[in-house]
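Subject: Structure handover

Hello,

I am passing on the structure we spoke about. Please look through it before reading my notes below.

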Amino acid sequence: MTERNTSTDSPEKRAAGIAAAGLVSSGMVVGLGTGSTVAYTIKELGRRVKEEGLDILGVVTSYQSEMLAIDAGIRLTTLSQNPELDIAIDGADQIDSELRAIKGGGAAHTREKIVSMSARRFVVVADESKTSTQLVKPVPVEILPFAKELAINKIRNLGGEPKLRSAVKKDGPVITDNGNFILDVEFGTIKDPEALALQLSAIPGVVEHGIFCNVDELYIGKKDGSVKTVPRQK
Ligand SMILES: O=C(CO)[C@H](O)[C@H](O)COP(=O)(O)O
């Protein structure tokens, strides 16, 4: 896994994150993703709650987004109480020209997928470095610790090279918010993301993988502070 850029001061990420917050209006239930780009969205929504009386409920995707949302003053709900969301906004590690994305750099992709699939509209916020004609980054795969060896063998049979993600400030593996391990799997250029997504999902012990084929719209923040929006071609 390459080093994660979680810079807290990025004009590109800020531009994308704040622009996407503009899609949210009072009465909405909003899926709140995880990572440094959507953190700008969460903070902007919090500002609007305080300064403009924006009345929303948020559904978080990680302990990180929960803490940010609480700090920002956003009221939270759960998928049990609100199973259908109006919109979900989240970051991505890479996104291709057909808006298929790799997520899970922050090990939150399982809840992120559940939340994004529960939303009528799923918007990804990113800086330009995340865009690519094809997906080439390693795919994060959350697995049950009990299934590690089986999952590694099955993933190798698919042509992937899995690496157990290690924690930075803890000895041993990363443990997700769900109590599982993460494999970062190198597949080279992913020619057919939809097919690979199905193959990974079929492996016993795979909880969720980081290939997302449900992005409706991409907000790309640029260095000059402008934002390009790209809708998915239907
Ligand atoms: O999928 C994710 C977390 O699991 C993040 O959305 C993704 O890693 C992008 O993060 P950032 O906005 O910090 O670059």
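What follows is a description of strand pairing, sheets and helix packing. Please keep in mind that this is a predicted model.

In general, side chains of a regular strand alternate between the two faces of a sheet.

β4 pairs with strand β1 (residues 29–32) in the parallel sense, over 3 bridges. In this pairing, Leu 32 stands opposite Ile 89 of β4. β4 also pairs with strand β7 (residues 122–127), again in the parallel sense and over 3 bridges. Here the bridge partner of Ile 89 is Val 123 of β7.

The four-stranded sheet

An open sheet is formed by 4 strands in the order β9-β10-β8-β11, with antiparallel pairing.

Glu 142 has Glu 208 of β11 as its bridge partner.

Two helices that pack on this sheet can be described next. Helix α4 (residues 109–117) touches β8 and β11, and its direction makes about 70° with that of β11. Helix α6 (residues 193–201) also touches β8 and β11, with its direction at about 165° to that of β11.

The three-stranded sheet

Another open sheet has 3 strands in the order β5-β6-β12, and its pairing is antiparallel. Its edge strands are β5 (94–95) and β12 (211–212), each of which pairs on one side only. Strand β6 (residues 101–102) is joined to β12 in the antiparallel sense over 2 bridges. Ile 102 stands opposite Ile 211 of β12.

Helix α2 (residues 36–52) packs against helix α3 (residues 63–72) at an angle of about 25°, and their axes are 8 Å apart. Because angles under 35 degrees count as roughly parallel, α2 is roughly parallel to α3. The crossing of this pair is right-handed. On the α2 side the contact is made by Ala 39, Ile 42, Lys 43, Leu 45 and Gly 46, and on the α3 side by Ser 65, Leu 68, Ala 69 and Ala 72. By class, the contact residues of α2 and α3 are 6 nonpolar, 2 polar and 1 charged.

α2 also packs against helix α1 (residues 11–21), at an angle of about 45° and with the axes 7 Å apart. α1 and α2 are therefore oblique to each other. Their crossing is right-handed. Among the residues making the contact are Lys 13, Arg 14 and Ala 16 of α1, and Ser 36, Thr 37 and Glu 44 of α2. The contact of α1 with α2 has 8 nonpolar, 4 polar and 3 charged residues. Ala 39 and Leu 45 of α2 take part in the contact with α1 and also in the contact with α3.

Regards

Terms used: Residues are numbered from 1 along each chain as its sequence is written. This is a predicted model: local features need pLDDT of at least 70, side-chain atom pairs count only at pLDDT 80 or more; totals for chains, interfaces and linings use all residues. Two strands pair if DSSP finds at least two bridges between them. Two residues are in contact if their C-beta atoms, placed from the backbone, lie within 7 Å. Axes are lines fitted to C-alpha atoms, for helices over the stretch in contact, and angles run from 0 to 180 degrees between N-to-C directions. Angles under 35 degrees count as roughly parallel, over 145 as roughly antiparallel, 65 to 115 as roughly perpendicular and the rest as oblique. A crossing is left-handed if the near helix is turned anticlockwise from the far one by less than a right angle, and right-handed if clockwise. Ala, Val, Leu, Ile, Met, Phe, Trp, Tyr, Cys and Pro count as nonpolar, Asp, Glu, Lys and Arg as charged, and the others, Gly among them, as polar.
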